Amino acid sequence: MDTAPTIFESLTHAPAPPGGMIAFERIQAKLDAKEDKSHAYDGGDYVLARDWRVGEARTESAPRAFEKPKAPFVHVPSITLMRGGVPQRIRGPVATTTKITAETQIGWRKWTEDLRAHGVAQAEESKVRAKADRDVIDGHRRKKAEELDAMYRRACERLHKAGKPVPSLEAWKNDRFETKYQRECQKLIAAGFQPRTREQFAAPAPNWEMFAPPELVAALTSMNHRGYNKRRRERYDSQWVRDFAGRKTARFIEELVDEHGNPTVAFRSAICISLALFNSAMPKDLIFGEDKGKVESSIGGHLSRMQILDRAYIELARNRRCHFVVDLDGWWRSVKALWKAIRKFLPPEFMPNLIVYRARESDGKGVENPHLIWLLPPGSRVIPTKGAKNLESQLKLHSMIQRGIVNQLIELGADPGHHNSNKVKNALAPGWSLACNDDSFCTMSEWKGFLPTITPDERAMTRRARQIKIERENDVDAELSNALWRDGISSRRLVIKAAQRRRDPDFLAARSSPGAFVEWLYHPGDGAVTKRMIELHGDVEVVHQVLAAQRGFVEDLGVVPSEGGEFCDRGRDTFRNQYLEKGYKPETAEEREGVETARKSEAGRVSRANEKALHCGLIAEEIRRRLSLGLSIEEIGDAKAEIVKALVASGNVSRATAYRRFDEVVAVVSEGARYQAVNSPDPVKASPSQGSQTDDSEPDCLPPSGSGASGSLSTSPSVVRRPVRPVDPPMLAGQHALRILETWRRAVESWRNACRRRRDPDVLAMPSATVGSAFWSKRQH
């Protein structure tokens with residue numbers, strides 16, 4: 001295939017002209033003098049024999065391939081209306097079906113009246129501004145005409161005194177322009193330049209605004225904006241290939257029609273009430289951008305508000321809270337598929353009101369990296385007004401709900417790093433496709449009552465997001481990915497413990513800094529965890545993805561373990577790692593203070609463990625009570641909010657704690673119930689929740705004496721051993737769950753005894769005051 005040379009090749013590979021050679025041509029002539037192969041371009045393929053830059057021969061190669069410019073992305077604006085979860089393609093305004101509750105009825109009425117009044121006031125203001133602009137421009141033209149008339153009268157007086165004929169006004173104007181043109185041409189010829197062609201209407205200078213009156217510049221800018229807005233009302237036309245949100249996009253047009261097929265105003269804010277609410281959430285001074293990494297302000301800019309509302313990214317009002325937004329990472333084959341995926345996490349009344357997305361660049365299909373936007377109804381927005389009460393608490397609650405929604409949709413691909421929730425993909429820009437939902441608008445109180453937690457752990461959210469990203473990028477089953485993730489954590493703990501036990505010199509040297517410690521763990525070739533994981537699961541891509549994600553966690557942690565202590569996630573545990581070593585005796589006051597701090601930290605850890613056991617025991621009691629009434633585990637999960645309300649009403653568990661521990665307790669209770677159901681043919685045993693057992697009987701929570709799980713326990717000779725059965729992983733998991741349930745039950749029993757002792761000093765204390773050892777101390781008596 002014949003290819004044309006580039007500008008660079010035409011300079012370096014062209015034959016040398018006879019005279020006036022430039023540097024490139026002189027080098028080329030020297031190369032030709034040495035009888036090298038010709039570098040001339042003859043319309044065929046190049047034969048590269050020598051590089052003129054270094055003077056070394058190059059081997060002959062295949063014809064030089066020139067990259068074809070990448071074709072622009074073809075965008076077809078699509079607007080979908082979701083009615084009852086059913087997608088409908090629309091091309092213009094639709095009637096609303098929003099359910100207005102008693103809580104938001106007043107707010108909706110006020111918002112509608114304000115919107116109508118604003119439209120009327122804006123129309124009147126536009127008329128007044130247009131009349132003022134016309135007056136300014138007419139006044140400027142009248143002033144220029146008066147100046148020209150004065151110049152013409154002075155010229156006529158000079159010609160009359162000289163006895164020359166007086167020309168007409170039009171002839172004088174033409175002669176004046178011709179004289180000015182001839183004068184400019186003479187100057188250019190004298191300077192050695194070619195004179196320019198005669199122009200009837202010369203373009204103004206680029207910086208003409210600097211020399212024009214400010215009121216004239218403002219009037220002309222306003223008139224240009226009104227002209228653009230008039231054309232924009234009919235349709236949107238990108239006019240040429242342009243960059244939109246970091247993607248080179250071909251020209252596209254968006255036009256809207258009404259229900260009868262007649263053209264209507266081409267503003268998206270007039271399509272449905274969701275987009276009208278989105279438009280009303282805009283600030284007066286807009287902040288926008290063509291890329292998510294850079295924003296500009298409309299203050300002092302040359303763009304009109306309508307031109308800014310067609311940009312890719314925009315910031316909603318910072319001083320108000322009118323929405324929630326979630327940035328999803330991923331691709332779905334259609335809006336319907338995405339809606340079904342969201343429906344697994346949210347009920348119908350909490351579905352997003354706007355989905356702003358764009359098709360995939362490779363094939364122009366599907367939904368890629370959408371923004372989910374929930375709009376607060378009028379009356380429940382957080383708006384700073386004069387005399388507003390609890391404004392700070394409302395702003396904080398809004399921020400907590402925002403993070404709670406992100407935490408709820410982590411498994412769907414929500415980005416936990418999207419903290420600037422005010423900056424969103426502009427739903428009013430025709431460069432994005434859109435899905436609207438007007439069925440319901442939830443208030444903050446409704447969100448607060450629905451979300452499991454509004455105080456999620458940010459570090460845990462990041463971990464979950466990384467793990468889910470690994471699953472998606474490598475198309476790995478969730479169970480396998482979870483197993484790899486858990487194996488990575490276990491491998492890290494094992495290699496650290498083993499290195500501490502044998503005092504590995506590489507490990508001791510790596511403790512010099514967090515960076516060296518991370519390299520010792522996760523070096524791509526020689527890392528201790530890397531080698532162990534590759535040995536277990538092979539040298540595959542998904543293993544390296546897991547290692548990279550866990551390496552990032554350890555880097556963010558920024559701590560190293562001690563020589564004999566353990567690697568802990570919390571920074572305060574470094575005191576315990578540093579001072580609580582076997583045989584260590586503090587000598588100085590600073591060392592004694594460090595040991596005391598470590599002891600307090602250990603005591604706090606034990607207290608938190610006891611507190612967790614107590615809370616989990618109370619939640620487990622409530623769940624077991626409902627199981628005894630005939631509810632299934634699935635029904636227990638659906639009644640989560642009701643159970644939490646009952647626990648909060650008892651006054652023993654806070655709402656945040658109940659939501660935080662609920663899923664963990666349900667999993668343990670479910671595993672224990674499944675184990676008891678499988679082993680129901682065994683001899684009748686007393687349930688741990690129905691009272692304590694006799695000293696000579698073996699409790700349910702203990703595994704069979706012959707199994708490996710109880711090898712480290714010292715049992716009483718009076719206990720009758722059961723027959724040894726094969727080790728079954730589900731059985732071991734069920735036995736472990738029963739152990740946990742028994743520990744929680746003992747914690748609750750200890751707490752209730754303590755409460756009774758405080759009320760009645762004659763009540764006897766439990767055999768052991770430590771919750772964690774209460775069960776085992778009774779087994780040994």
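**Entry 1: confidence.** I began with pLDDT, the predictor's confidence in each residue, from 0 to 100. This is a predicted model, in which local features need pLDDT of at least 70 and side-chain atom pairs count only at pLDDT 80 or more, whereas totals for chains, interfaces and linings use all residues. Residues are numbered from 1 along each chain as its sequence is written, and side-chain values use heavy atoms, with hydrogens and water left out.

I noted a mean pLDDT of 77 for the protein, with 75% of the residues at 70 or above. Over residues 579-583 I found pLDDT below 50; this stretch has 9 contacts (heavy atoms within 4.5 Å) beyond near neighbours in sequence. Residues 761-781 also stay under 50, and there the model has 33 contacts beyond four places in sequence. Where pLDDT is low, the predicted coordinates should not be read in detail.

**Entry 2: elements.** I took helices (H or I, at least four residues) and strands (E, at least two) as DSSP runs, numbered from the N terminus. The protein holds 23 helices and 17 strands.

**Entry 3: burial and contacts overall.** I counted a residue as buried under 20% relative accessible area, exposed over 50% and partly exposed in between (1.4 Å probe, protein chains only). By this criterion, 39% of the 781 residues are buried. Of the contacts between residues at least 6 apart in sequence, 67% join residues at least 24 apart.

**Entry 4: helix α6.** I looked up which residues of α6 are buried. They are Ile273, Ser274, Leu275, Ala276, Leu277 and Phe278, that is, 6 of the 8 residues in this helix (residues 273-280). Their cover includes α3, β11 (313-315), β14, β15 (367-375), β16 (423-425) and β17 (433-436).

**Entry 5: Thr98.** I located Thr98 in the loop between β4 (86-90) and α3 (105-162). Thr98 counts as buried because its relative accessible area is 18%. I then listed the residues that Thr98 touches, leaving out those up to four places away in sequence: Trp108, Ile273, Asp438, Asp439 and Phe441. Of these, Ile273 is one of the buried residues of α6.
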